[in-house]
Amino acid sequence: MSKIMRMPGFLTSAPGVSPLAACSIGAACATVLALAPAPPASATTGATAATGRTERSAAQRPAGAGIPGSTRSLPLLPLPGRRGLGAARAQGLYRTGLDRFALVGVVWDDPGSELRGRVRVRTRSAVTGEWSDWQDVEADNADHGADPDTAERSARRVRGATAPLWVGDSDGVDVRVRADGTGTADVEGGADDGDGAGGAGMRAGVPRPPLPSGLRLELVDPGKDTGEPADAGEALPVDLPLDDPPRTELDTEAAIAASGANSDITAFGATEIPELDQAATEDEMTRLQGPAREKPHIGPRPRIVTRRGWGADESLRGRGFVYTKKIKAAFVHHTATGNKYTCAQAPSVIRGIYRYHVQSMGWRDVGYNFLVDKCGNLYEGRAGGVAKAVLGAHTAGFNTDSMGIAVIGTYGTNKPAGAAVTAVARLTAWKLGLYGVDPSGKTYLTSAGGNLYPKGKNVRLNVISGHRDGFATECPGKRLYAKLGTARSSASHYQGR
C-alpha cells in the first residue's frame with residue numbers, strides 16, 4: 001500500500017501515486033460546495049451510443065433526507081430449557097415489539113475467532129405481523145475485511161461477524177446460534193428450534209467447540225430516503241427538486257469530501273455519475289491523464305449512483321480516504337444478504353450493509369468499492385472517488401492494487417441476473433481501462449497474508465477474479481463464479497480488444 005500523508009481532516013496518497021489516485025480536496029471542498037461548478041463537458045453527454053438510453057439528471061439534491069437509520073445491538077443469551085449445552089455452545093434471542101429494522105447479523109468480540117456453527121433467524125413482518133420461515137445467516141465471513149497488519153484491521157473496535165442478512169421491514173426476531181460438532185441431544189421435548197436437527201444423530205459425551213465470546217445480535221434500520229418509492233417497484237429513487245431544503249446534518253466536512261472526490265468527473269453533489277459514450281469516455285481520459293501515445297483500450301463509462309445518491313450518512317465512516325497505487329485486478333463478491341429485495345430497495349440494502357460494516361463490524365467504511373443490484377444498477381461503495389484507486393476491505397490479503405465489486409444477493413444456488421453480470425463487465429471495462437489493464441488477462445498481486453497464500457507470496461490471478469481465488473471461501477457463490485468468464489470476455493470486448 002502506498003504511504004499516506006495526513007492533511008487537515010483528510011488522508012491523501014503520497015507523491016508518485018497514479019494521477020487518478022490523487023485527491024486534493026481539503027479546505028477547497030468548502031469553496032466547491034459554495035460554487036457548485038457545472039460538470040465537465042465530458043460528463044454532460046445526452047443519449048449514449050453504448051446503450052441508447054438517455055441520461056437521468058444528476059440533480060444536486062441532499063440524499064438521505066427522510067427517516068434516519070439506526071443500529072441496535074442485543075446480547076445473545078443461553079437457550080432456555082437445553083440439556084447438556086453450556087452458554088458457550090448454544091445461544092439465542094427472541095424479541096417482539098422492537099423498533100423497525102430490516103437487516104440482521106451476529107457479531108462477537110474477537111475478529112480473529114471463528115464462529116464454527118450454524119446461525120438461523122426468523123423475523124416478524126412489521127407490515128403483516130407474520131413470522132418468516134427460518135433462514136440461514138452466512139457464518140463464515142472472515143474472508144472479507146481489511147488486509148492483516150493494516151490500521152483498519154487492527155483497530156480495537158473491529159469485531160468478528162457473520163454476513164448481514166436482508167429481512168425487510170420487521171419488528172420481531174428469533175435467532176439461534178449453535179456450535180458445530182456433536183454432543184448430547186439438546187432440544188427440549190424433541191422440538192425443532194429452526195436448525196432442523198432436533199438433536200438427532202448426535203453422539204453423547206462428545207462436546208461441541210465453544211462459540212466466540214460476546215455474541216450480539218445486530219438489528220439495522222437503514223432509514224428511508226424520501227426519494228425512494230413507497231412500494232416495491234423496480235425503479236431507482238427519483239430525483240428531488242433542486243430547491244428541496246438541505247438535510248444539514250449530512251452537509252458536513254465528510255459529506256463535502258465524499259462528493260468532492262468525484263468532482264473531477266461529475267458535478268459536485270451529484271446523485272449519479274452519468275454514463276458516457278465511447279468518444280466522451282476517451283476525451284475524459286485524456287483530460288484526466290493527458291494525451292496517450294496510442295488509442296486507449298477503455299470501455300464507455302457506465303452510470304454509477306453516488307454515495308449521495310443512495311443516501312450514505314457520511315458522519316458514520318472514518319475520516320479521510322486511503323489509496324493504493326493502482327488498480328491491477330477486480331475481485332467479484334456476493335453480499336450473501338439474500339435475494340429477497342427489489343431493485344427499488346437496493347439503496348436501503350446498501351445503507352444497511354454500510355451501517356453493519358462500520359457500526360457493527362468496526363470498519364472505517366463499507367468494504368466494497370462498488371455494488372451491483374439485480375437490475376444491473378451500479379453504486380459507488382467505499383468513499384474516495386470512483387475513478388481513483390481507493391483501498392477497500394473486501395478480499396483479506398489482496399486489497400492492495402485491487403478493487404472489490406459486490407453483487408447484492410446470494411448466489412450459491414441462485415443464478416445471477418444477466419443484467420448484473422453485464423454491469424460487472426461494463427464497470428471493469430471502464431475502471432480497469434483507466435489503468436491500462438486488460439480484463440481478460442492475468443496479473444500478479446502480492447499476498448498480505450491469508451488462508452490460501454502466505455504473506456509476501458507473489459500470486460498470479462485472473463484480472464477479474466472471484467473472491468475465492470484469493471481466499472478459501474464460497475464467495476461469490478458457485479453460480480456467480482461460473483459467470484466470471486462471460487464478464488471477462490464482455491469487458492474485453494467493451495474495451496475494443
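How many of the 15 residues of α6 are buried? Let's walk through the model and find out.

Before you click, remember that this is a predicted model, where local features need pLDDT of at least 70, side-chain atom pairs count only at pLDDT 80 or more, and totals for chains, interfaces and linings use all residues. Residues are numbered from 1 along each chain as its sequence is written, and side-chain values use heavy atoms, with hydrogens and water left out.

**Stop 1: helix α6**

Select residues 346-360, which make up helix α6. Helices (H or I, at least four residues) and strands (E, at least two) are DSSP runs, numbered from the N terminus. From first C-alpha to last, α6 reaches 20 Å, close to the 21 Å expected at 1.5 Å a residue; that expected span is 1.5 Å times one less than the number of residues. Now for the opening question: 14 of the 15 residues in α6 are buried. Buried means under 20% relative accessible area, exposed over 50%, and partly exposed in between (1.4 Å probe, protein chains only). Just after the helix, click G362, which takes a positive phi of about 85°.

**Stop 2: salt bridges**

Side chains of opposite charge can pair when their charged atoms come close. A salt bridge here is a side-chain nitrogen of Lys or Arg within 4 Å of a carboxyl oxygen of Asp or Glu, and the structure holds 20 of them.

R100 sits in the loop between β6 (90-95) and β7 (101-108), while D221 is in strand β12 (residues 216-221), 121 residues apart. R100 counts as partly exposed at 32% relative accessibility, whereas D221 is buried at 8%.

Next, pick R426 and E275, a salt bridge whose closest N and O atoms are 3.6 Å apart. R426 lies in helix α7 (residues 418-434) and E275 in the loop between β14 (272-273) and α4 (278-289), so this pair ties together parts that are 151 residues apart in sequence. R426 is buried, with a relative accessible area of 12%, and E275 is buried at 2%.

Then select R307 and E314, which meet in a salt bridge at 2.9 Å, N to O.

**Stop 3: the nonpolar cores**

A nonpolar core is a set of buried Ala, Val, Leu, Ile, Met, Phe, Trp, Tyr and Cys residues joined through side-chain atoms within 4.5 Å. The largest one has 65 residues, and I304, L371, V372, I405 and W430 have the most contacts inside it. Its largest share, ten residues, comes from α7. Zoom in on L371: leaving aside neighbours within four places in sequence, its contacts (heavy atoms within 4.5 Å) include I350, I353, Y379 and I408. A second, separate core of 23 residues includes L98, V119, V173 and L217.

**Stop 4: the sheet**

Switch to cartoon view and look for an open sheet of seven strands, in the order β14-β15-β18-β17-β19-β16-β22, with mixed pairing. Strands pair if DSSP finds at least two bridges between them. The edge strands, β14 and β22 (464-466), each pair on one side only. β14 and strand β15 (residues 304-305) pair in the antiparallel sense over two bridges, and I273 has I304 in β15 as its bridge partner.
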